[in-house]
Amino acid sequence: MFQLGKTIVSEEIIENDFVCNLSACKGTCCVDGEAGAPLEEEELKILMDIYPKVKPYLTKEGIEAIEDQGLFITSEGEYETPLIPSNDSCVYINYDEKGIAQCGIEEAYNQGDIAWKKPISCHLYPVRVKDYSEFAAVNYHKWEICDDACTLGKELQVPVYKFVKQALIRKFGEDWYDELEKVAEKMKR
């Protein structure tokens with residue numbers, strides 16, 4: 001672990017490789033799991049504002065679950081995306097023509113309908129950030145459903161922190177990321 005500003009960062013985000021391999025995993029991270037994606041408080045208003053433009057990109061089951069549960073839920077004092085009761089998938093999921101799960105929010109973004117890519121926790125994955133009163137912990141989350149992503153990352157020689165570069169910049173800023181790169185360079189020597 002090392003400190004960057006008000007973050008404590010796990011060296012695993014530098015030491016491990018990762019590149020999503022959707023053709024292998026089919027977007028399982030949006031389908032499997034025990035809970036929805038973590039949401040930051042400021043993201044709740046964004047979800048409320050963009051939902052009418054995102055709704056056309058969602059499944060019928062996702063829309064029904066949102067109408068029943070709301071755009072977000074609270075679990076153990078934390079905000080998260082709701083799940084579709086019949087299959088525990090994220091309510092914001094959709095599927096492409098190959099049956100690969102994709103984010104309906106991100107698809108609305110890709111189509112130019114909204115200016116917000118998706119929740120930061122999803123954008124950062126496989127990096128997880130846990131906020132504490134004095135600092136934020138930045139960790140690598142290893143999940144067996146992402147083994148193909150680890151293999152592809154190793155083949156392409158893309159460390160986790162480079163794979164999620166844009167998300168890390170979105171969360172912590174360009175200066176923070178530049179400092180992270182300096183630490184990574186020192187670790188390689």
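Mentor: Start with a definition. Buried means under 20% relative accessible area, exposed means over 50%, and partly exposed is in between (1.4 Å probe, protein chains only). Take Arg170: its relative accessible area is 33%, so Arg170 is partly exposed. This is a predicted model, where local features need pLDDT of at least 70, side-chain atom pairs count only at pLDDT 80 or more, and totals for chains, interfaces and linings use all residues. Residues are numbered from 1 along each chain as its sequence is written, and side-chain values use heavy atoms, with hydrogens and water left out.

Trainee: How do I read a salt bridge, and how many salt bridges does the structure hold?

Mentor: Look for a side-chain nitrogen of Lys or Arg within 4 Å of a carboxyl oxygen of Asp or Glu. The structure holds 9 salt bridges. One of them joins the side chains of Glu43 and Arg170, at 3.9 Å from N to O.

Trainee: In which helices do Glu43 and Arg170 lie?

Mentor: Helices are DSSP runs of H or I with at least four residues, strands are runs of E with at least two, and both are numbered from the N terminus. Glu43 lies in helix 3 (residues 41–54) and Arg170 in helix 9, so this pair ties together parts that are 127 residues apart in sequence.

Trainee: Is Glu43 buried or exposed?

Mentor: Glu43 is buried, at 3% relative accessibility.

Trainee: Which salt bridge partner does Lys182 have?

Mentor: The side chain of Lys182 meets that of Glu179, at 3.2 Å from N to O. Both sit in helix 10 (residues 174–188), 3 residues apart, so about one helical turn separates them. Lys182 is partly exposed at 47% relative accessibility. Glu179 is partly exposed too, at 38%.

Trainee: And what does the side chain of Lys188 meet?

Mentor: Lys188 forms a salt bridge with Glu185, at 3.6 Å from N to O. Again, the two are 3 residues apart in helix 10, separated by about one helical turn. Lys188 is exposed at 52% relative accessibility, while Glu185 is partly exposed at 40%. Elsewhere, salt bridges that share partners join Glu106, Lys117 and Lys118 into one network.

Trainee: Now cysteines. How many disulfides does the structure hold?

Mentor: A disulfide is a covalent bond between the sulfur atoms of two cysteines. Here the test is a pair of cysteine sulfur atoms within 2.5 Å. The structure holds 0 disulfides.

Trainee: Where do I find Asp17?

Mentor: Asp17 is in the loop between helix 1 (12–15) and helix 2. Asp17 counts as buried, at 19% relative accessibility. Compare sequence with space here. Asp17 and Gln157 are 140 residues apart in sequence, yet 6.5 Å apart in space, C-alpha to C-alpha.

Trainee: What about Gln166 and His123?

Mentor: These two are 43 residues apart in sequence and 8.4 Å apart in space, C-alpha to C-alpha. Gln166 lies in helix 9 (residues 165–172). Gln166 is exposed, with a relative accessible area of 52%.
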